[in-house]
Amino acid sequence: MQIDAFAHIIPSGYLERLERAVADGRLSARVEGYAPWIREDPALVDLDARWRVIDPFPDYRQVLTLAVPPIEEMGDAATSASLASMVNEELAGLVARHPQRFVGFAAALPMANPDAAAAELTRSSRELGALGAQVHTNVFGRPLDDPAFAPVLAAADQLGATLWIHPTRSPMWADYPVEDRSKYGIWWSLGWPYETSVCMARLVYSGAVGRYPRVRFLAHHAGAMVPHFSGRLASPMEDPARDEVIAQLTDTPIAFFRRFYTDTAMFGAPHAVRCALDFFGPDHVLFGTDMPLGGPKVVADTIADVEATGLEPEDLDKVFSQNARRIWRLR
């Protein structure tokens, strides 16, 4: 069996609210560029289209995560809190109605109000059966290690929850200081892995990973740049502030980076998946596709990527399903 730990969806009730926000111009300019993705692939918003994509894989199941934009970008704090509550009910309903397709979901959180986000994480986990929650690499430009978000991390730690880390960045984030916007889609193709990597580094160097040991941080896209540049992340820098922080950690930075979990969503790049496995180890890598983003072959391509790594059968089974079963106590 393959359990897809990072499969995106926009449920029908939430879709109506999202498209209304786009039409009314209420979607934040910070996420300019996301609107066309809402209907980029029918399988994102239509269950029949989703079934057509996954029916060729009879032993394939999904953990549902809400697609971008981040929910806090759709209005004020009260609006995003209401939307989060609504969409989490909708995601829980999908899992309950389609247990042969969906094994669980990550809750959406109204991160503009961290106290409300912590309360929604607790409610969704205890009342709706959420496996944790999806958070984005920044909230209106503020990093996740900011003390403002301590209530969310503390709630996740108390629950022993997983936090899916998804990048967010848009064309308005220029590639060079002399320009006013990104070109050639670099904000997404390279900007998103950078966002994820910076988020991971800040959580490690700030001590957050050590302070919340029961949180399972699940970083998207095979851990982004971290496995590839682990040597640079481990090297000393002439930065007194950084050196002072590292001296206070209870373990080496690389040991904390290795506490992250990650997925295999690399869109047909087996060498990158192999690098993630080498760095995080087969116990911390979960099969994840980014489905349906990445095209109609993304499930088949990701299965092929994992199989091409040359893992022993026992480790292959861990990645495809056993890690997910163990972490989330799935039947």
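Predicted model: local features only at pLDDT ≥ 70, side-chain atom pairs only at ≥ 80, totals over all residues.
I'll start with strand β2, residues 60-66. How many of the residues of β2 are buried? Seven of its seven, so in this case the strand is mostly covered, taking under 20% relative accessible area as the cut-off. In a regular strand the side chains alternate between the two faces of the sheet. In β2, Tyr 60, Gln 62, Leu 64 and Leu 66 point one way. Arg 61, Val 63 and Thr 65 point the other way. Both sets are buried, and that includes Arg 61.

Now the neighbours of β2. Strand β1, residues 2-9, runs parallel to β2, and six bridges join the two. Within that pairing, Ile 3 stands opposite Arg 61. Strand β3, residues 102-105, also runs parallel to β2, with three bridges between them. There, Gln 62 has Phe 102 as its bridge partner.

Next slide, the helices. Two packed helices are described by the angle between their axes and the distance between the axes.

Take α1, residues 12-23, against α3 first. The axes of α1 and α3 are 8 Å apart, and the angle is about 150 degrees. Angles over 145 degrees count as roughly antiparallel, so that is the label for α1 and α3. Which residues of α1 and α3 meet? From α1 they are Ser 12, Gly 13, Tyr 14 and Arg 17. From α3 they are Ser 82, Leu 83, Met 86, Val 87 and Glu 90. By type, this contact has four nonpolar residues, three polar and two charged.

The other pair is α4, residues 114-127, with α5, residues 150-159. Their axes come within 8 Å and cross at roughly 20 degrees. Here the cut-off is under 35 degrees, so α4 is roughly parallel to α5. The crossing of α4 and α5 is right-handed. On the α4 side, the contact is made by Pro 114, Asp 115, Ala 117, Ala 118, Leu 121, Thr 122, Ser 125 and Arg 126. On the α5 side, Pro 151, Val 152, Ala 155, Ala 156, Gln 158 and Leu 159 take part. That contact divides into nine nonpolar residues, three polar and two charged.

Where is Pro 69? Pro 69 sits in the loop that runs from β2 to α3, residues 77-97. The bond joining Val 68 to Pro 69 is cis, with omega at about 15 degrees. Another cis bond joins Met 291 and Pro 292, and its omega is about 0 degrees. Pro 292 belongs to the loop between α12, residues 270-280, and α13, residues 298-307.

Last, positive phi values. The loop between β9, residues 216-219, and α9, residues 230-234, contains His 221. Ala 224 is in the loop between β9 and α9 as well. His 221 is not a glycine, yet its phi is positive, about 55 degrees. Ala 224 likewise has a positive phi, near 55 degrees, in a residue other than glycine. Is His 221 buried or exposed? Its relative accessibility is 12%, so His 221 counts as buried, the cut-off being 20%. Ala 224 is buried too, at a relative accessible area of 10%.

That's what I have for today.

How values were computed
Residues numbered from 1 in each chain as written. Heavy atoms only, no water. Axes fitted to C-alpha atoms, helices over the stretch in contact; angles between N-to-C directions. Helix = DSSP H or I, 4+ residues; strand = E, 2+ residues; numbered from the N terminus. Parallel < 35°, antiparallel > 145°, perpendicular 65-115°, else oblique. Left-handed = near helix turned anticlockwise from the far one by under 90°. Contact = heavy atoms within 4.5 Å. Nonpolar A, V, L, I, M, F, W, Y, C, P; charged D, E, K, R; others polar. Buried < 20%, exposed > 50% of the residue type's maximum accessible area, 1.4 Å probe, protein only. Pairing = 2+ DSSP bridges.
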